[in-house]
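Hi there,

Here is the structure I promised to pass on to you. Have a look at it, and then read on for some notes about its charged side chains.

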Amino acid sequence: MVEKSLVFIKPDGVSRGLVGRILQRFEDRGFTVKELKLFSPTDAQIDGHYHEHVSKGFYPDLKAYMKSGPIAVLVLEGPNAISIIRKMVGVTNAGEADSGTIRGDFALTTAMNVIHASDSVESAAKEIANFFV
Ligand code: CMP
């Protein structure tokens, strides 16, 4: 089934110059880039995206991280995009992510895990609407 996923490279990934290499992995795998922009999300967009986490203790640090610089936001499309992209990204705790995944190759911690990818078709639709008005 052809699906769309909302992916963003977080501020540390952008400032470290990883956008090209990460995007290359998705293009090499065969995904189509449907949308692409570099921008600084608003408070409302960050709170909306992380609505499940806004009451958690780590949220102020997460929000500060997301406001520390621009993010590169992508909509990628392809067969089974949600599950394949999540495998390519690796687990949330980058310290436990397998080598060969994006987090396993480019990040060390949960707090600065370099990339986000949608976890379901329903989440992707909401996340795309939040970032591409
Ligand atoms: P992400 O996959 O984008 O979705 C939720 C984000 O919250 C996650 O990546 C991390 O960046 C962050 N996060 C989740 N749990 C923690 C935690 N325990 N401490 C700090 N950041 C967290």
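This is a predicted model: local features need pLDDT of at least 70, side-chain atom pairs count only at pLDDT 80 or more; totals for chains, interfaces and linings use all residues.

K63 is buried, because its relative accessible area is 17% and the cut-off for buried is under 20%. Its side chain meets that of D47 in a salt bridge, with N to O at 3.0 Å. D47 sits in helix α3 (residues 43-49) and K63 in helix α4 (residues 59-66), so this pair ties together parts that are 16 residues apart in sequence. D47 itself is partly exposed, at 28% relative accessible area.

Another one joins D105 and R25, whose closest N and O atoms are 2.8 Å apart. Here the partners come from helix α6 (residues 102-106) for D105 and helix α2 (residues 19-29) for R25, so parts 80 residues apart in sequence are tied together. Both ends are partly exposed: D105 has a relative accessible area of 35%, and R25 has 25%.

E77 and K4 form a salt bridge at 3.0 Å, N to O. This pair links distant parts of the chain, with E77 in strand β3 (residues 71-79) and K4 in strand β1 (residues 2-9), 73 residues apart. K4 counts as partly exposed, at 38% relative accessibility. There is also a network of salt bridges here, linking K4, K34 and E77.

Enjoy exploring it!

Best wishes

Note on methods: Residues are numbered from 1 along each chain as its sequence is written. Side-chain values use heavy atoms; hydrogens and water are left out. A salt bridge is a side-chain nitrogen of Lys or Arg within 4 Å of a carboxyl oxygen of Asp or Glu. Helices (H or I, at least four residues) and strands (E, at least two) are DSSP runs, numbered from the N terminus. Buried means under 20% relative accessible area, exposed over 50%, partly exposed in between (1.4 Å probe, protein chains only).
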